[in-house]
Amino acid sequence: MQETVYPSLAIIVPVHNEEENIHIFYDAVKKNLTAEGLLSLPDAFKHLKYDFWYIDDGSIDRTLLEIKQLQLKDSSVHFVSFSRNFGKEAAIYAGLTYAKKYDYVVLMDVDLQDPPALLPKMLGKLANEQLDSVATRRLDRKGEKPLISFFSNLFYEFISKISSTKLVSGARDYRIMSRQMVKAVLSMPENQRFSKGLFTWIGFRTEYISYKNVQRKKGQTKWSFWKLFKYAISALISFSTVPLTLVTVLGFLTTLLAVVGGIFVIVRKLLDPAIAIGGWTTITVIIMFFGGLQMFSLGVVGRYISAIFLESKRRPIYVEKESK
Ligand code: UDP
Ligand code: MG
């Protein structure tokens, strides 16, 4: 008799200095993936086999010790530990690399901002609607700093307008993906990673589940305003060349302006050679304005060059110290 093979799921959890959350997260997931929790799912998914993959992104607190403690009592807990902090994007990449043998993977934050209670619903949708991926989006940003919310919303609106990769507003990294999708994501070896864009770029059938924002249970956010700003710029450069077009158009328009202005000045001088030209103010303003515009344009071009430079070094996305 042939043994039935049940689907396997890897739960990928990037963690950076989250000692208080390792156990809480583990318990919360376990509580939601019980036999009863999976009861309403199609047959195969009722016997889902799942593993935890904590990706320790260079924590300097007890995070790794907590994970190892969990591993002692549950062999379905695994980890990859980095040699230093490489960022959440690198941790996601490492997680996907380690989980490519599983039928499905799900990405989750450890702070319970990605509610584990949604897992059965996501699995159900995936199975019933035969999707490649079920993702989540939060409907609000309650509890977040207003300045961060404002700029985040602006960023997502802007990037969706100028990039051909359309992002869903409020989309999270919290999503279940099929192995085929994981392979597609891993086939993009770029260093400057913006996963939300990559997940959309590869295509496949994805549906979203919406939920109200949940605030972090323990600890602090690992993202400062400056870190988010740099992440946003790098995402923008990765997913759009519209800024370059914009600079070109600006250059063209100012040239046009210069020609018209030049002709005006020359004709006026020819018609009335005696005219006294003052214009100190005009000249100063023009020089400052175009000086600024040129610096700005150079900066935009510079961002693209720096992106090429960083990619061309072909450094690994993360360096591993230990895994089990
Ligand atoms: N994280 C990480 N590396 C980092 C920053 C964050 O692995 O350099 C993890 C973090 O431990 C958490 C998830 O990424 O599990 C989301 O981070 P956080 O909650 O700080 O972000 P926020 O929810 O505030 O956007
Ligand atoms: Mg969080």
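Where does UniProt place the feature "transmembrane region" in this chain? Hi everyone, let's start there. The unreviewed UniProt entry puts that feature at residues 232–265 and at residues 277–305. Please keep in mind that what we're looking at is a predicted model.

So what does the model show over those two stretches? Residues 232–265 are 94% helix and 0% strand, and the C-alpha atoms at the two ends sit 44 Å apart. For residues 277–305, the figures are 90% helix, 0% strand and 43 Å between the end C-alpha atoms.

Now find helix H10, residues 242–271, and helix H11, residues 280–312. How do H10 and H11 pack, and at what angle? Their axes are 10 Å apart, and the angle is about 155 degrees. Angles over 145 degrees count as roughly antiparallel, and that is why H10 and H11 get that description. Their crossing is left-handed. On the H10 side, the contact is made by Pro243, Leu244, Val247, Leu250, Gly251 and Thr254. H11 answers with Phe290, Leu293, Ser297, Val300, Val301 and Tyr304. Sort the residues of this contact by class and you get nine nonpolar, three polar and no charged.

Let's move to another part of the chain. The unreviewed UniProt entry also carries the annotation "domain: Glycosyltransferase 2-like", covering residues 11–184. Over that range the model has 40% helix and 21% strand, with the end C-alpha atoms 18 Å apart.

Here is another helix pair for you. Helix H1 spans residues 22–32 and helix H3 spans residues 63–73. Their axes come within 9 Å and cross at roughly 40 degrees, so H1 and H3 are oblique to each other. Ile22, His23 and Tyr26 of H1 make the contact with Thr63, Glu66, Ile67 and Leu70 of H3. In this contact there are four nonpolar residues, two polar and one charged.

Last stop: ligand 1. Which residues around ligand 1 come nearest? There are 17 residues around it, and the nearest are Pro14, His16, Asp57, Thr221 and Lys222. Strand S1, residues 8–15, supplies at least two residues of this shell, and so does helix H4, residues 88–98. By class, the shell around ligand 1 holds five nonpolar, five polar and seven charged residues.

To recap the two helix pairs: H10 and H11 are roughly antiparallel, whereas H1 and H3 are oblique.

Note on methods
Residues are numbered from 1 along each chain as its sequence is written. Chains are lettered from A and ligands numbered from 1 in the order in which they are written. This is a predicted model: local features need pLDDT of at least 70, side-chain atom pairs count only at pLDDT 80 or more; totals for chains, interfaces and linings use all residues. A residue is near a molecule or strand if its C-beta atom, placed from the backbone, lies within 6 Å of it. Helices (H or I, at least four residues) and strands (E, at least two) are DSSP runs, numbered from the N terminus. Ala, Val, Leu, Ile, Met, Phe, Trp, Tyr, Cys and Pro count as nonpolar, Asp, Glu, Lys and Arg as charged, and the others, Gly among them, as polar. UniProt positions are given in the numbering used here, feature names are shortened, and annotations may be inferred rather than shown by experiment. Axes are lines fitted to C-alpha atoms, for helices over the stretch in contact, and angles run from 0 to 180 degrees between N-to-C directions. Angles under 35 degrees count as roughly parallel, over 145 as roughly antiparallel, 65 to 115 as roughly perpendicular and the rest as oblique. A crossing is left-handed if the near helix is turned anticlockwise from the far one by less than a right angle, and right-handed if clockwise. Two residues are in contact if their C-beta atoms, placed from the backbone, lie within 7 Å.
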